[in-house]
Number of protein chains: 2
Amino acid sequence: MSADELPSWRETSVKQSIVEFVAAVTDPDSPDFIPERDRVAVFDNDGTLWTEQPVYAQLVFALDRAAELGHPTSLEELHAGGMEALLKLLALTHAGITTDEFDAVCRNWLASARHPRFGRPYPATVYQPMVELLGVLDRRGFSCWIFSGGGTDFMRTWTADGYGLPPHRVIGSVGETEFRIGDGGPELVKTAKVGTINDGPQKASSIHRHVGQRPIMAAGNTDGDLAMLQWTAASPYRTLELVVHHTDGDREYAYDRDPILGSGTGQILAAAAEGKWTVIDMAADWATVHPDT
Amino acid sequence: MSADELPSWRETSVKQSIVEFVAAVTDPDSPDFIPERDRVAVFDNDGTLWTEQPVYAQLVFALDRAAELGHPTSLEELHAGGMEALLKLLALTHAGITTDEFDAVCRNWLASARHPRFGRPYPATVYQPMVELLGVLDRRGFSCWIFSGGGTDFMRTWTADGYGLPPHRVIGSVGETEFRIGDGGPELVKTAKVGTINDGPQKASSIHRHVGQRPIMAAGNTDGDLAMLQWTAASPYRTLELVVHHTDGDREYAYDRDPILGSGTGQILAAAAEGKWTVIDMAADWATVHPDT
């Protein structure tokens, strides 16, 4: 691998681990060689591929849309109301609308919304080192997939541009849809019925459902990703597990608990230590965090 | 397209429609040209890609396995017991087992089971003309997907060999799985909880969930496939809808109602007539039905 394919990674042991793993599993003469069809890599999204602080982008979208629909609510009210309040907000802002309409609403919001600290569109808060890694893997015959707690339909409006991933490889939480023949012809209407909350152990089940193969590489950042990394690590092939540790309050955020669901990092960091997984120290290992704009 | 890519199709108007469609959407100079990334084709499985008579292969598998597990039941008892009996049979034969174990059980059964009329393994009851069509589409940059009422895990044990499709492109009904750390490490256990029954309007919703794009081509054989074909036909692109009509009692079966779920063909044939969809008359349009063995 030519070194300049990962220019946003500092020359540390973490970069070395990644480069060595990719070389070993793609070299036909290596004992660790893995055929292309089995090179499945899975990534969490929020906090692993893009910034999730101070509030998930999708939650900001939901709050903005609720206000627009005449039902303003605040983050404080949401916190106080717990899961019931969150589901009510999602029903209001993510349901009763066709998939085509929802796609347009998301794209409009993404075009105008700005991250409160970085002043840039949310899709420009992707992690440049991880985007480079996705590119390296893609060029070496890996199929990269996202398994996120965020909503599938929301993510797919920008992940093709942001990461170069086709929609079928971007899987998150799912609200059910209903097929109907509308005035303009066949359409799918998003409903308030929750199909899958794609977090924790469900990520392993979702990988089985959507990919049907055990990954050989996985990346996450909180305990909600633990099962996904464990499931990957148990592959008969050589595997690589990456944990993004948010240590960089100067350039991004330093935290050990995700902003809304409150998932911690204690379990995944302990498992990483035990399983010799690769922990990315954002402050130390990344030369750049976000792309130049 | 060279004619001998579809040698099992007779030189009829149906073959002509298929050849003309594929040429038009893949020719960069055609007004109907569609870029590769949008060439999504979706197929029903039972009765569309392989024989579903006299009884779905998966149901034979379930009955055989129930007997093996010491709980023999008959097709007659199952009919009499309706959906409740069917779900009980599925819980007995498809749950309480890890995904790896289930995979092995299915492969064992497939290796020994024989179709009662044709005396060949079930995977050898695929329709040779459709296998040729899948190959033509694959070589022209289409991504072909199965959306079947059959079980995802059952199908994936043979569809890679049978059709050349990777597991992620084979989607059927889904039983939920549970992630756990077993004695041998992380595993997924199949549960009796039904996640998705992938028939009728659900097929359109499943396509949205698993592909995230509107297909430009769809093939089915009963009213359970109607929504999938309608959803496809409503694409802004030029599309092709195929209905496999079982008219061939001599070489296969002649029927207008599927064997177990009892879905008819009245609606899909009416929609085909109205929407100018392409109806495949198996007796007239196929030179060969099953592959040579």
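User: In which order do the eight strands of the open sheet in chain A lie?

Analyst: Strands (E, at least two residues) and helices (H or I, at least four) are DSSP runs, numbered from the N terminus, and two strands pair if DSSP finds at least two bridges between them. In this predicted model, the open sheet of chain A has eight strands in the order β2-β5-β4-β3-β1-β6-β7-β8, with mixed pairing. At its edges are β2 (97-98) and β8 (278-281) of chain A, each of which pairs on one side only.

User: What conventions apply to the numbering and to the values?

Analyst: Residues are numbered from 1 along each chain as its sequence is written, while chains are lettered from A and ligands numbered from 1 in the order in which they are written. Because this is a predicted model, local features need pLDDT of at least 70 and side-chain atom pairs count only at pLDDT 80 or more, whereas totals for chains, interfaces and linings use all residues; side-chain values use heavy atoms, with hydrogens and water left out.

User: In which sense do β4(A) and β5(A) pair, parallel or antiparallel?

Analyst: In a regular strand, the side chains alternate between the two faces of the sheet. Here β4(A) and β5(A) pair in the antiparallel sense over eight bridges, and a hairpin joins them through two residues. Within this pair, A:T177 has A:K190 in β5(A) as its bridge partner. Strand β5 (residues 185-196) of chain A also pairs with β2(A), in the antiparallel sense over two bridges; there A:T98 stands opposite A:V189. By contrast, strand β3 (residues 143-151) and strand β4 (residues 170-182) of chain A are paired in the parallel sense over three bridges, with A:I146 opposite A:V170 in β4(A).

User: How is the overall form of chain A described?

Analyst: The radius of gyration is taken over C-alpha atoms, and the globule rule is 2.2 Å times the number of residues to the power 0.38. Chain A has 11 helices and eight strands. Its radius of gyration is 19 Å, close to the 19 Å that the rule gives for 293 residues, so chain A is as compact as a globular protein of that length. The C-alpha trace spans about 60 × 45 × 35 Å along its principal axes. Of the 293 residues of chain A, 59% count as buried (under 20% relative accessible area; exposed is over 50%, and partly exposed lies in between, with a 1.4 Å probe and protein chains only).

User: At what angle do helices α2 and α4 of chain B pack?

Analyst: Axes are lines fitted to C-alpha atoms, for helices over the stretch in contact, and angles run from 0 to 180 degrees between N-to-C directions. Helix α2 (residues 57-68) and helix α4 (residues 99-112) of chain B pack at about 105°, their axes 11 Å apart. This makes α2(B) roughly perpendicular to α4(B) (65 to 115 degrees; under 35 is roughly parallel, over 145 roughly antiparallel, and the rest oblique).
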